[in-house]
Amino acid sequence: YMATYLLQMIACSGILYAYYYCFLRNEKFHQYNRFYLLFAMALSLLLPLLKIPVIVEDTTANPVYAFVSTGDTVVIKATPGSFDYLQLLYVLYGCIMLWMFFKLWKAISRIIRIRQASTTETIEDIRLVKTTHPDAPFSFFKWMFWHEGAELTSKEGAHMFKHELYHIRSKHSWDLLFMETVISICWFNPFFCLYRREVKTIQEFLADQYAASNSDVTSYAELLLLRAIGARN
């Protein structure tokens with residue numbers, strides 16, 4: 001039963017991702033694509049659990065029905081000394097799953113340590129964390145990690161602030177936490193990693209779209225290019 005569920009789950013995730021890749025990936029309705037991928041990921045886990053009743057006519061003539069309806073108890077005994085490969089697979093699966101959760105916990109702990117070592121101030125319901133970490137600015141739930149060397153009042157700073165603000169307002173951290181949890185449990189499913197990559201890209205599209213609104217799109221594109229190559233103005 002477990003093997004059947006896993007195969008069906010991988011097949012469902014593959015079919016739903018293929019539909020997204022062929023018909024939705026290059027479209028501009030990013031918000032719809034975001035929720036489609038998250039819903040498809042959850043549906044891939046739940047759909048194989050559904051039991052569809054099948055009506056079989058003339059069950060009395062079915063030898064399987066005749067065997068089951070006798071009420072005899074069937075006892076299956078393992079051969080003494082045989083190696084249980086299935087048990088070994090369960091142990092291997094559990095070890096890798098624990099390792100994935102450990103990596104997730106370690107990443108969250110690293111963010112918390114950055115938060116504890118930095119000064120913070122409150123802007124409405126957002127905690128602005130001033131840090132010298134090279135990856136800043138970035139956000140995690142309602143924490144916005146801001147590099148101390150970046151001028152918040154400059155044009156570039158305003159763009160970056162709006163970008164991270166959109167991530168926070170849209171609760172993108174919940175998307176990532178959900179996907180990382182699913183991938184930690186279903187680490188053997190390669191399609192879920194593709195889902196995560198696409199959702200991250202869509203989140204950046206949406207945040208860029210919001211940050212570039214009511215401003216010079218060319219200057220914002222230049223800012224993205226400079227950040228991508230690690231250059232400074």
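Predicted model: local features only at pLDDT ≥ 70, side-chain atom pairs only at ≥ 80, totals over all residues.
Residues are numbered from 1 along each chain as its sequence is written, and side-chain values use heavy atoms, with hydrogens and water left out.

Let's start with Y19 and F23, a tilted pair with 5.2 Å from centre to centre and 40° between the planes. Both residues belong to helix 1 (residues 2-24), where they are 4 residues apart, about one turn of the helix. Helices (H or I, at least four residues) and strands (E, at least two) are DSSP runs, numbered from the N terminus. Y19 counts as partly exposed because its relative accessibility is 41%, and F23 counts as exposed because its value is 55%. Here buried means under 20% relative accessible area, exposed over 50%, and partly exposed in between (1.4 Å probe, protein chains only).

W187 and F188 give an edge-to-face pair, at 5.7 Å centre to centre with 80° between the planes. With a relative accessible area of 27%, W187 is partly exposed; F188, at 26%, is partly exposed too. Ring pairs also link a cluster whose members include Y19, F23, F192 and Y195.

Next come the charges. The charged end of R115 sits over the ring of W143, 5.5 Å from its centre, and K162 lies over the face of Y210 at 5.4 Å from the ring centre. The rule asks for NZ of Lys or CZ of Arg within 6 Å of the ring centre and within 35 degrees of the ring normal.

Now for the sheet: 4 strands form an open, mixed sheet in the order 1-2-4-3. Strand 1 (119-123) and strand 3 (138-140) stand at the edges, each with a single partner strand, so one side of each is left without a neighbour in the sheet. From one strand to the next, the twist averages 25°. Strand 2 (residues 126-131) and strand 4 (residues 143-147) pair in the parallel sense over 5 bridges, pairing being called if DSSP finds at least two bridges between two strands. K130 has W146 in strand 4 as its bridge partner.

Notes
Phe/Tyr/Trp six-rings, centres within 6.5 Å; stacked < 30°, edge-to-face > 60°. Axes fitted to C-alpha atoms, helices over the stretch in contact; angles between N-to-C directions.
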